[in-house]
Amino acid sequence: IVYVNAGLYSSYAIDSNGFAYSWGDNSYGQLGLGNTTSVKIPKRVVSDKTNEDFDNLMLIASEGYHTTFVKNDGTVWSWGAGASAQMGDGARTQRSLPVQAKNVTDVKKVATGCYITLVLKNDGTVWAWGLNRYGQLGIGVSSTSSSDANYVRTTAVQVKLNSTDYLTDVVDIGTAYESSFAVTSDGTAYAWGLNNYSQLGIITSSNVNLPTKCLRRYYNELE
């Protein structure tokens with residue numbers, strides 16, 4: 001085993017041959033086994049079309065009830081709860097077998113929140129899809145109305161820095177519930193999304209829909 005990850009009630013592993021295994025709760029199909037039956041021992045994840053083993057995997061991310069893997073070719077695949085467009089395949093549908101995210105390749109890292117997927121590409125840009133009610137996609141807009149186009153994005157959108165520029169030169173990403181985070185090569189930390197408990201570490205306690213510098217960086221600039 002070369003990589004492991006745990007979701008809310010489910011666990012995952014990748015072996016040295018690039019095969020994926022999953023076990024635990026499967027209420028939303030998040031184990032990628034083609035069904036919603038929970039299992040107590042590891043089962044190998046199967047392909048969406050041939051029912052063969054799903055292989056060439058290098059990274060896993062799971063939080064809540066959906067799971068996302070990155071393959072060695074930089075493509076992104078997901079399964080599980082999908083009502084908030086967590087799959088990134090253009091639909092808002094629960095999946096029990098892997099489906100590929102559209103409009104995104106060359107990915108080197110993935111992070112999943114409860115209702116979103118965040119990915120870092122090799123060029124240092126960040127892309128996201130899923131629920132956007134608190135601005136956690138980082139695109140400068142958000143909505144709490146399920147009928148609004150900005151409530152969810154069903155395919156990948158690039159995370160912005162402001163109204164005209166995009167967040168670039170990123171080396172790491174992370175998520176926490178409905179909040180998103182990134183670190184750039186100069187060590188600057190950014191956060192956006194839900195901030196009801198000041199969990200973003202920024203100069204406001206309000207939710208923000210664009211990446212905002214975390215407090216430590218501001219303190220350094222004020223000294």
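Rings of Phe, Tyr and Trp (for Trp, its six-membered ring) count as a pair if their centres lie within 6.5 Å; planes under 30 degrees apart make the pair stacked, over 60 edge-to-face, and the rest tilted. Keep that handy for this tour.

**Before you click.** What you have open is a predicted model, where local features need pLDDT of at least 70, side-chain atom pairs count only at pLDDT 80 or more, and totals for chains, interfaces and linings use all residues. Residues are numbered from 1 along each chain as its sequence is written, and side-chain values use heavy atoms, with hydrogens and water left out.

**Stop one: the ring cluster.** Select Y12, F69 and W79, which ring pairs link into a cluster. The structure holds 3 aromatic pairs.

**Stop two: the tilted pair.** Now pick Y28 and Y65. Their ring centres are 4.7 Å apart and the planes sit at 45 degrees, so this pair is tilted. It links distant parts of the chain, 37 residues apart: Y28 is in the loop between β3 (20-24) and β4 (39-44), and Y65 is in the loop between β5 (57-63) and β6 (66-71). (Strands are DSSP runs of E, at least two residues, numbered from the N terminus.) Y28 is partly exposed at 33% relative accessible area, and Y65 is partly exposed at 27%. With a 1.4 Å probe and protein chains only, buried means under 20%, exposed over 50%, and partly exposed in between.

**Stop three: the stacked pair.** Go back to F69 and W79. Here the centres are 4.9 Å apart and the planes at 20 degrees, so the pair is stacked. F69 is in strand β6 and W79 in strand β7 (residues 76-80), 10 residues apart. Both F69 and W79 are buried.

**Stop four: charges over rings.** Select R44 and F19: the charged end of R44 sits over the F19 ring, 4.1 Å from its centre. Next try K71 and W77, where the charged end of K71 sits over the ring of W77, 5.3 Å from its centre. The rule is NZ of Lys or CZ of Arg within 6 Å of the ring centre and within 35 degrees of the ring normal.

**Stop five: T212.** Find T212 in strand β16 (residues 208-213). Is T212 buried or exposed? It is buried, with a relative accessible area of 17%. Leaving out residues up to four places away in sequence, T212 touches A189, Y190, A191 and I202, a contact being heavy atoms within 4.5 Å.

**Last stop: confidence.** Colour by pLDDT, the predictor's confidence in each residue from 0 to 100. The protein chain averages 92, and 94% of the residues score at least 70. Over residues 217-223 the pLDDT is below 50, and this stretch has 5 contacts in the model beyond near neighbours in sequence.

Conventions: Helix = DSSP H or I, 4+ residues; strand = E, 2+ residues; numbered from the N terminus.
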